[in-house]
Structure formats: structure tokens, C-alpha cells
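I opened this model to look up a handful of side-chain contacts. My notes are below, in the order I took them.

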Amino acid sequence: MRTHALRLGVVLFAGALVAGLGLAAADPVAAQQAVSCDETLEVDIPETQDAMLSELRALEGSPGMEAYSEFELIRSQAVLGIQAGEFTPTDRERTAGVIRVLYSFEQAHSCLETGEYRAALEAANETEQLVADLPGEQGAHFRAVADVGLLRFYEVAGGELLGLGEQQEVTPDRIETFSLAATAFRQAGAVDRFSQLSARLEEIEREFTDDMARVDDSIAAAEEFADECEDCDSVGAILTT
């Protein structure tokens with residue numbers, strides 16, 4: 001975690017220096033592709049270098065990039081990479097991967113903002129897998145930066161889910177929400193919060209199982225009594241017999 005933070009600090013400093021050099025005149029910017037929690041994300045990857053540049057620029061200022069500077073840094077560095085000299089097949093592959101990563105994270109952030117927590121965690125997991133596939137030394141650099149952002153995202157999601165679970169009164173709903181929160185804390189590397197919530201979750205599940213067993217026993221006893229009650233032609237008669 002510390003290593004990731006140090007790497008991010010170095011990259012931020014380098015990015016600031018590069019930004020001070022100025023960029024080429026901006027080409028027309030493409031419209032940002034839509035993301036939805038209700039649908040599988042399908043990203044259309046541009047074929048040309050200029051179209052990829054336009055696609056990356058379209059993501060500037062998007063909610064996910066605004067909220068998580070780590071992914072904005074990846075986006076801006078990918079823009080610089082396209083503009084800096086030769087654009088090799090490896091560069092093209094990596095840039096296509098970066099576009100997928102950014103849209104995947106944008107979906108994760110959108111789902112989190114709308115309370116679609118399971119979809120948010122699934123999209124974040126997909127982002128993590130896409131980041132792992134980025135090729136080359138620059139891809140490894142982007143992975144280090146993205147890791148910092150994803151750890152923060154998972155911890156934020158876990159905190160929101162924990163708060164939601166505290167407010168829920170229906171035990172199965174609370175169990176489901178706390179389970180998602182525990183998953184998020186595990187992904188965030190928040191060992192203490194994960195351990196504490198896991199222990200609490202086990203206690204809630206055990207109590208719920210015991211309560212359900214007592215209910216089942218009561219129902220079985222009532223059914224047995226009703227079967228043996230020859231003179232009981234109503235619920236009231238059963239209760240007063």
C-alpha cells in the first residue's frame with residue numbers, strides 16, 4: 001500500500017512537469033460512451049490513433065475521473081503517450097486496454113453512486129482484471145496507479161454498505177449487505193475491518209439460524225397438535241383447547 005502511494009506521488013509529480021510543457025492543439029472530442037448498471041459493459045474501441053485520442057479526451061471530467069484522481073492520471077498519461085512520437089502495436093494494445101479500464105471503472109463508480117452495490121463491486125473486479133492485462137512497462141506503471149484507486153474505491157464501498165446494513169431491520173437483508181461489505185473490505189486490504197465484520201456476520205447468521213430453527217419447531221408442534229385435536233374446528237378452538 002505504501003509502495004503504491006509512493007509510486008503515485010512520483011507519477012503525479014512527473015505528470016505535473018509534463019503538463020507544464022504544453023500539449024498539441026486539441027482535436028475534436030468524441031462523445032463519451034454510455035455506461036449502465038443494468039447492462040453488460042461493451043466498449044467500442046476506436047481503430048485509429050486519432051480516434052483513440054479523441055475517446056480518451058471524451059472521458060476527461062467524467063464523474064469517475066473526477067472522484068478518483070488515480071484514474072484521471074492514467075487517462076491523462078495515456079493521452080500523452082499517444083502524442084509522444086511513434087505509436088507502436090504495443091502502444092495501441094495498451095491504449096485500447098486503458099480505454100476499457102476507464103469505462104469499466106466509470107461503470108463501477110456510477111453503480112456505487114446509485115446504490116447498486118453488487119454491480120459496483122462486480123464492475124470494480126472487472127476493472128482489476130482489465131488492468132492486470134495491460135502490456136509493457138507502462139502497463140505495469142498503470143497497474144500500480146490503478147491499484148491505489150481501486151483500494152480506495154473498495155474501502156468507500158465497504159463503508160457505505162456497513163452503514164446501510166446498520167439501518168436494515170430484516171435479518172436476511174442485513175446478512176446480505178454485511179456480506180457485501182465484508183467482501184469490499186477484503187478487496188480493499190482493510191484486514192481489521194474485514195475481520196471484525198466477518199466475526200459479527202457469523203454471530204448474526206448463527207442467531208438467525210437458531211431463531212429459524214425455533215420457529216420451525218413451533219410450527220411443527222402446532223401442526224402436530226392440530227392433527228391430534230379432534231374437536232378443534234377453528235384456530236380459536238385450537239388455542240383454547
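The entries cover the ground rules, the disulfide, the salt bridges, the aromatic rings and one glutamine.

**Ground rules**

I am working with a predicted model, in which local features need pLDDT of at least 70, side-chain atom pairs count only at pLDDT 80 or more, and totals for chains, interfaces and linings use all residues. Residues are numbered from 1 along each chain as its sequence is written, and side-chain values use heavy atoms, with hydrogens and water left out.

**Disulfide**

I looked for cysteine sulfur atoms within 2.5 Å of each other, which is the cut-off for a disulfide. The count is 1 disulfide. Cys37 and Cys111 form it, with their sulfur atoms 2.0 Å apart. The pair links distant parts of the chain, 74 residues apart. Cys37 sits in the loop between helix H1 (2-21) and helix H2 (49-58), while Cys111 is in helix H5. For the element names, I note that helices (H or I, at least four residues) and strands (E, at least two) are DSSP runs, numbered from the N terminus.

I then checked the torsion about the S-S bond of Cys37 and Cys111. It is about -135°, so the disulfide is left-handed.

Is each cysteine buried or exposed? I use buried for under 20% relative accessible area, exposed for over 50%, and partly exposed for in between (1.4 Å probe, protein chains only). Cys111 is buried, because its relative accessibility is 1%. Cys37 has a relative accessible area of 24%, so it is partly exposed.

**Salt bridges**

Side chains of opposite charge can pair when their charged atoms come close. My rule for a salt bridge is a side-chain nitrogen of Lys or Arg within 4 Å of a carboxyl oxygen of Asp or Glu. By this rule I get 7 salt bridges. I followed up some of them.

I started with Arg75 and Glu60, whose side chains meet in a salt bridge at 4.0 Å, N to O. Arg75 lies in helix H4 and Glu60 in the loop between H2 and helix H3 (63-67), so the pair ties together parts that are 15 residues apart in sequence. Arg75 counts as buried because its relative accessibility is 4%. Glu60 is exposed, because its relative accessible area is 52%. I also found that Glu60, Glu72 and Arg75 are linked in a network of salt bridges.

Next came Asp91 and Arg94, with a salt bridge at 2.6 Å, N to O. Both residues lie in helix H5, 3 residues apart, about one turn of the helix. Asp91 and Arg94 are both buried.

Then I checked Arg118 and Glu176. Their salt bridge has its closest N and O atoms 3.1 Å apart. Arg118 lies in helix H6 (residues 117-132) and Glu176 in helix H8, so the pair ties together parts 58 residues apart in sequence. Arg118 is partly exposed, because its relative accessible area is 42%. Glu176 is partly exposed too, with a relative accessible area of 42%.

**Aromatic rings**

For rings of Phe, Tyr and Trp (its six-membered ring), I count a pair if the centres lie within 6.5 Å; planes under 30 degrees apart are stacked, over 60 edge-to-face, and the rest tilted. The structure holds 5 aromatic pairs.

Phe71 and Phe105 form a stacked pair, 3.9 Å centre to centre with 10° between the planes. This pair links distant parts of the chain: Phe71 is in helix H4 (residues 69-83) and Phe105 in helix H5 (residues 89-113), 34 residues apart. Both Phe71 and Phe105 are buried.

Phe153 and Tyr154 form an edge-to-face pair, 6.2 Å centre to centre with 70° between the planes. Phe153 is buried, because its relative accessibility is 0%. Tyr154 is buried as well, at 1%.

Which residues do ring pairs link into a cluster? I noted Tyr68, Phe71, Phe105, Phe153 and Tyr154.

**Gln187**

I found Gln187 in helix H8 (residues 171-188). It counts as partly exposed, because its relative accessibility is 28%.

I looked up its contacts, meaning heavy atoms within 4.5 Å. Not counting residues up to four places away in sequence, Gln187 touches Asn125, Glu128, Leu151 and Tyr154. Tyr154 is also in the ring cluster.

The side chain of Gln187 makes a polar contact with the side chain of Asn125, at 3.2 Å. A polar contact is a pair of N or O atoms within 3.5 Å; within protein, one must be able to donate a hydrogen and the other to accept it, and residues adjacent in sequence count only if both atoms are side-chain atoms.

Last, I checked Gln187 against Glu155, 32 residues apart along the chain; their C-alpha atoms are separated by 8.0 Å.
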